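Open the model in your viewer and keep the selection panel at hand. We will go stop by stop.

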Amino acid sequence: MEIQDKIDTYLMGRMSERELTSFESELANNPKLQAEVDFQNDIISSIQDTKRLQLKQRLSSLETPPITTSSFGFKPWAIGVSLLSLSVLGGLVVWNMNNGKEISPTITEDKHITRSIIKPKNNIVTTEENSVVETITHKEVNNIIIEEEKPSIVENTEITKPVIADPSTLVPNPGGIDETEGIRNAGHENNMIDPLEQEDTHISTKLTPVVKQNKSMFHYQYDGDKLTLIGNFKSDTYTVYELTQQKNSPLYLKFKDNFYSLTNNNGKTKKLELVTNENILSELKSR
Amino acid sequence: MKDTEVIKKIEEGDEAAIDFLYQKYYKMMVNMIIKNNGTEEEARDIFQDALIVFWQKVRFKSLVLTSKISTYLYSICRNLWLKELEHKKRLSYEKKDDIQNLTIEADERKKIIHQCINDLGETCQKVLTLYYFDGLSMKEIAKELAFSNADTAKTKKYKCKKALDKLVKEKYSIEDFMD
């Protein structure tokens, strides 16, 4: 094979494994040959580029259909349907007003959910069945108004307690309890945080305590890692606060405008106790 | 036009076949890239490159098409666009001045060679393109350009290449003196 043919075959990637090894070792020991290969490489790639450019110019000169930039891909008929829907809805509202009926807001289950960002820590919190439940006598708690919600149910859920990054942060409860099932994972079914759901919030932490349903009874268990709320918390959003990041420091629960302290009771069942310390109360109210 | 017809036309060297594919699938391919953070201009460029890859694959006879042409083109576009995104990302980390200097030098060199290619006769341009771009054999070149046989094509290719090398070397030496 002539040297020119060899270079062509090499540059067009058509050498066999054996030919390639032999040619590359020749290249390594022959700078003149290497220079010629570099030169030929420039020429061959220019021939290819020239043709490529011609084809691209040819394609660019062709007529192409217009591209709609809307990511929603609105079609004229879709806009028509939207306008029609709006006018029907508007008509219904006017009709309601004219009939003197009061329009009450509907509370959906998402209404109470406050989204948050968490820094998870691998403390696994496991729900416990058949806990001892005592009757609570606190009148504020007994005054709680029960409302209906449609929570999602997760039984025997394992919940990861997050590290609370900012002591001033709010800890939401995303939902209530189901009366029949009793145990509910407050929030996402698998405790995975969907980044898309972390919008519109200044809150940097989230605690998902175990909630056990038991009508009109409000107790808790807390051992520093695991928090279990026992009682009928289905009626409203509750919020758990942590004022300091120390492990044994108490948590605080806000439920129906009342604040309760949740002290570390080594996992024993304890009644909810109202916060009486004025300084702590004002600190909690300021959040 | 059916997929098999398109392939047949490309095998025959009929460029109208890629015109057809370009117009037929333009919206589909361009929209895919726009939805993945590209502009229409970038998308057009990528789709054109994809069609050229497809053309070469068919001409090189290195393509075993097991899906529809549109599916195949879509995957080429996707890969080229991912490569482009990676390239953009890498560029932002590298020293831009160094890259710019290298590019200017390479561009200058290519401009000279490009000029030399244009100075060749039409037949020479065709022979060299069919051999180096389309990857045809001497027999196929002979058939496409109506030469008497493969040997004639081989001789023609040899002469044309030699003429091009000479032209480029002359230009290079002039440039060297100018430096």
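**Stop 1: chain A as a whole**

Select chain A: 39% of its 287 residues count as buried. Buried means under 20% relative accessible area, exposed means over 50%, and partly exposed lies in between (1.4 Å probe, protein chains only). This is a predicted model, in which local features need pLDDT of at least 70, side-chain atom pairs count only at pLDDT 80 or more, and totals for chains, interfaces and linings use all residues. Residues are numbered from 1 along each chain as its sequence is written, chains are lettered from A and ligands numbered from 1 in the order in which they are written, and side-chain values use heavy atoms, with hydrogens and water left out.

Switch to cartoon view. Chain A has six helices and twelve strands. Both are DSSP runs numbered from the N terminus: helices are H or I with at least four residues, strands are E with at least two. Now think about contacts, meaning heavy atoms within 4.5 Å. Take those in chain A between residues at least 6 apart in sequence: 69% of them join residues at least 24 apart.

**Stop 2**

Select A:Thr9, in helix α1 (residues 3-11) of chain A. Is A:Thr9 buried or exposed? A:Thr9 is buried, with a relative accessible area of 18%. The backbone oxygen of A:Asp5 is 2.6 Å from a polar atom of the A:Thr9 side chain.

Jump to A:Glu283, in helix α6 (residues 278-285) of chain A. A:Glu283 is partly exposed, at 33% relative accessible area. A:Glu283 and A:Leu243 are 40 residues apart in sequence, and their C-alpha atoms are 8.7 Å apart in space.

**Stop 2: α2 against α3 in chain A**

Select helix α2 (residues 17-29) and helix α3 (residues 31-60) of chain A; they pack at about 110 degrees, with axes 5 Å apart. Axes are lines fitted to C-alpha atoms, for helices over the stretch in contact, and angles run from 0 to 180 degrees between N-to-C directions. α2(A) is therefore roughly perpendicular to α3(A).

Show side chains. α2(A) brings A:Phe23, A:Glu26, A:Leu27 and A:Asn29, and α3(A) brings A:Pro31, A:Leu33, A:Gln34 and A:Val37. Five of these contact residues are nonpolar, two polar and one charged. Here Ala, Val, Leu, Ile, Met, Phe, Trp, Tyr, Cys and Pro count as nonpolar, Asp, Glu, Lys and Arg as charged, and the others, Gly among them, as polar.

**Stop 3**

Next, select α3(A) with helix α6 (residues 122-132) of chain B; their axes come within 9 Å and cross at roughly 100 degrees. α3(A) is thus roughly perpendicular to α6(B). A:Ile44, A:Ile47, A:Gln48 and A:Lys51 meet B:Leu128, B:Thr129 and B:Tyr132.

**Stop 3: a loop in chain B**

Finish at B:Asn37, in the loop between α2 (16-35) and α3 (40-60) of chain B. B:Asn37 is exposed, at 68% relative accessibility. B:Asn37 is not a glycine, yet has a positive phi of about 70 degrees.

Technical notes
A polar contact is a pair of N or O atoms within 3.5 Å; within protein, one must be able to donate a hydrogen and the other to accept it, and residues adjacent in sequence count only if both atoms are side-chain atoms. Angles under 35 degrees count as roughly parallel, over 145 as roughly antiparallel, 65 to 115 as roughly perpendicular and the rest as oblique.
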